Amino acid sequence: MLAGGTLCTPQIDPVPTVFFGDSYTANFGIAPVNNQDSERGWCFQATDNYPAGATRSLADKGITLNVQSDVSCGGALIHHFWQKQELPFGAGTLPAQQDALKQDTQLTVGSLGGNTLGFNRILKQCSDELRTPSLLPGDPVDKDEPAAKCGEFFESGDGKQWLDGQFEQVGWELEELFDRIGYFAPDAKRVLVGYPRLVPADTTKCKTAAPGQTQLPFADIPQDALPVLEQI
């Protein structure tokens, strides 16, 4: 556009944006964390989390986000998008993540599904070490099945049936999530972000501890189960 004999760059208005999601969006527990003086501090949402990084990256490309809210929270299930989330250790509850949406929200971005699928339970199914009492929540899918045979457990019989049912539930609930965004923020673009790759293509790399570490990356999970975990 020519204005007064000069070439002007068109101004792009900031995009009203809401971030939602679980610990992967929140960058769970990486200090420093946000909201330390409120109940939301129990989400352990990192100051430099995915929403902060995405906002910064887009700004470098000339796209400014007006972040209306970042309600990502560790431990969130898909249904916490429309239901209250109970915080750990009786610390209280958080409102449904959908409450952050506004009629003028133009972009919604987040990641949900892993906790609903039950990935902690899947990991515990594959590891005797992870089955011991720890901060990792959940029980193995079938504690009577040996961890060493978890690969075949999830590829046939009761294990496969359980896993198929979990994926169906995730699918139904994600459809509900998208429908709700469409209702509460009808003009918003809906972006669901995938999870980082858990297992490298070359699983022999998992036989060596990372620099400065003594434990193997996947504890005692058997090598033949790693491709199954990657597929899941």
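Start by selecting H1, strand E5 (85-86), helices H3 (114-117), H4 (119-125), H5 (128-131), H7 (157-184) and H8 (226-231): each supplies at least two residues of the lining of the largest pocket. Helices (H or I, at least four residues) and strands (E, at least two) are DSSP runs, numbered from the N terminus. A pocket here is an open set of points on a 1 Å grid, with protein on both sides within 12 Å along at least five of seven lines; lining residues have an atom within 4 Å of a point. This is a predicted model, where local features need pLDDT of at least 70 and side-chain atom pairs count only at pLDDT 80 or more, while totals for chains, interfaces and linings use all residues. Residues are numbered from 1 along each chain as its sequence is written, and side-chain values use heavy atoms, leaving out hydrogens and water.

Now colour H4, which gives the most to this lining, with four residues. The pocket's volume is about 1,700 Å³. Which residues lie nearest its centre? Pick Ser 23, Tyr 24, Asn 115, Asn 120 and Leu 136, out of 47 lining residues.

Next stop: Phe 28, in the loop between H1 (23-26) and H2 (50-60).

Note on methods. 1 Å grid on protein atoms, 1.4 Å probe; cavity = no way out; pocket = protein on both sides within 12 Å on 5 of 7 lines; lining within 4 Å. Points joined across faces, edges and corners; volume = space filled by probe spheres on them.
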